[in-house]
Amino acid sequence: MRLVNVGMAAALVLLLIGCAAPDPVPTPVAEPSPVKGAPAGPLTCGDLVSGAHLAAAMTGSDAIAPEPVRAIRPTDAFDAVEIAAAGGLGCSWRVGEAPTTFYARGADVAYLTVEVLPDAAEQWQPAWAGDAPSDDTLDISGIKVSTAVGESGWQLTAPVGDAWVAMRLSAPGLGTTGTRYDGLPPEEVLARLGAVAESVFGAVEEATPAQLAWPAAASQRQGDAVCNGGLDPQAVGMALDTTFTEAEVDDPTTRAPQSFEEAVAGASRSYSCDYLTDSQRGPRISVVHGAGVFFDLLGQYDVSTAFAPLDLSAVAGASGADAAIVALVTDGPSSPVLMRVGDSVYEITSHDGATAVAEAILAQIR
């Protein structure tokens, strides 16, 4: 039998008590760190695609990488206001010389456009090839993409997450005067555009809802589309010294969209009025209410070089906030005219007298 020294045992107990584990300290919960480089607010055009991707896609048959610059194709001026009013993101770039007239068709000029319309994936429709939907598709990052190639350029469109994404590479001289892509297989150019799409799709898929929440028109049209007030047929007819017997309303909100453009028009709640006589069609006037703040987009290249300011000071009741620009042309009537009156933006397209029609609209409203 072993004898235990009482003094040693007491010392051991005291030692064990002194080494007891302290009370547990609560571990703080770490806040999630933001992803490095991720934008805090809505995505920008630079977040969708890099300059290197753009240059590669827009390189012509000379194999020399261009330097794309941000620019709106002049014929897309009203479209740029519409997609902004719809709460979407419109991005476009140009290579080649900036046009100095509305119908300029420089052989070296090309535009690449990327547009994102949030919450529109369920409305998605394929790209159009001529006057019918295209049956051609590509698989890009696991997404089935509709494609079309023709005189309007190269198109890609797809539902990405909850958004509808549309892309277009166009050159004004396609099918006529020639372009920087002459001699390149159309499939090669389409594949380059596909590389841009892969970058865009990735950015949209990874975006948070807040990053897809772009500013929209603050006060969109709520009621029916009507051609009265500033769009009254009698006033428009007087401006052109004619009589219009009817005004047809084209309201995209009354039908399911058949194209990306129709989806944007519906989301912005824009509409158009076509004026008719007994024998012919007159001007077409499109309007998007609540989009006045987006008129300033039209100060960018290439709208700023292909349009000129229109003086409205002689119109009775015109205010300093009213503004208009008119297309620069070398032959024929100056058309279209884009105009801001109050919080609405108008596009007036007419074979003759677009400026007189714009002034008549302003006079009726004021």
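**Before you start**

This is a predicted model, in which local features need pLDDT of at least 70 and side-chain atom pairs count only at pLDDT 80 or more, while totals for chains, interfaces and linings use all residues. Residues are numbered from 1 along each chain as its sequence is written, and side-chain values use heavy atoms, with hydrogens and water left out. Helices (H or I, at least four residues) and strands (E, at least two) are DSSP runs, numbered from the N terminus.

**Stop 1: the sheet**

Select the seven strands that form an open sheet, in the order 1-2-3-9-8-7-6. Their pairing is antiparallel. Two strands count as paired if DSSP finds at least two bridges between them. Now go to the edges. Strand 1 (69–70) and strand 6 (137–140) each have a single partner strand, so one side of each is left without a neighbour in the sheet.

Next, select residues 89–95 and 110–117. These are strand 2 and strand 3, paired in the antiparallel sense over seven bridges. Pick Arg-94: its bridge partner in strand 3 is Tyr-111.

**Stop 2: helices across the sheet**

Select residues 51–58. This is helix 3, which lies across strand 2, strand 3 and strand 9 (163–170). Helix 3 runs at about 130 degrees to strand 3. Then select residues 260–268, helix 7, which lies across strand 3 and strand 9. Helix 7 runs at about 50 degrees to strand 3. Axes here are lines fitted to C-alpha atoms, for helices over the stretch in contact (heavy atoms within 4.5 Å). Angles run from 0 to 180 degrees between N-to-C directions.

**Stop 3: helix 5**

Select residues 186–206. Helix 5 has 21 residues and reaches 30 Å from its first C-alpha to its last. That is close to the 30 Å expected, where the expected span is 1.5 Å times one less than the number of residues. Show its buried side chains, among them Val-189, Leu-193, Val-200 and Phe-201. Arg-192 is also one of the buried residues. Buried means under 20% relative accessible area, exposed over 50%, and partly exposed in between (1.4 Å probe, protein chains only).

**Stop 4**

- Ala-63 sits in the loop between helix 3 and strand 1. Its phi is positive, about 65 degrees, although it is not a glycine. Ala-63 is exposed, with a relative accessible area of 64%.
- Ser-141 is in the loop between strand 6 and strand 7 (143–150). Phi of Ser-141 is also positive, near 55 degrees. Ser-141 is partly exposed, at 44%.
- Asp-302 is in the loop between strand 12 (281–289) and helix 8 (303–306). The peptide bond from Tyr-301 to Asp-302 is cis, with omega near 0 degrees.

**Stop 5: the disulfides**

A search of the whole structure finds two disulfides, each a pair of cysteine sulfur atoms within 2.5 Å.

Select Cys-45 and Cys-91. Their sulfur atoms are 2.0 Å apart. Cys-45 lies in helix 2 (residues 45–48) and Cys-91 in strand 2, so the pair ties together parts that are 46 residues apart in sequence. Both Cys-45 and Cys-91 are buried.

Finally, select Cys-227 and Cys-273, with sulfur atoms 2.0 Å apart. Cys-227 is in the loop between helix 5 and helix 6 (233–239), and Cys-273 is in strand 11 (residues 271–276). Cys-227 counts as buried at 12% relative accessibility, as does Cys-273 at 0%. Here is the reply to the opening question: with -100 degrees about the S-S bond, the link of Cys-227 and Cys-273 is left-handed.
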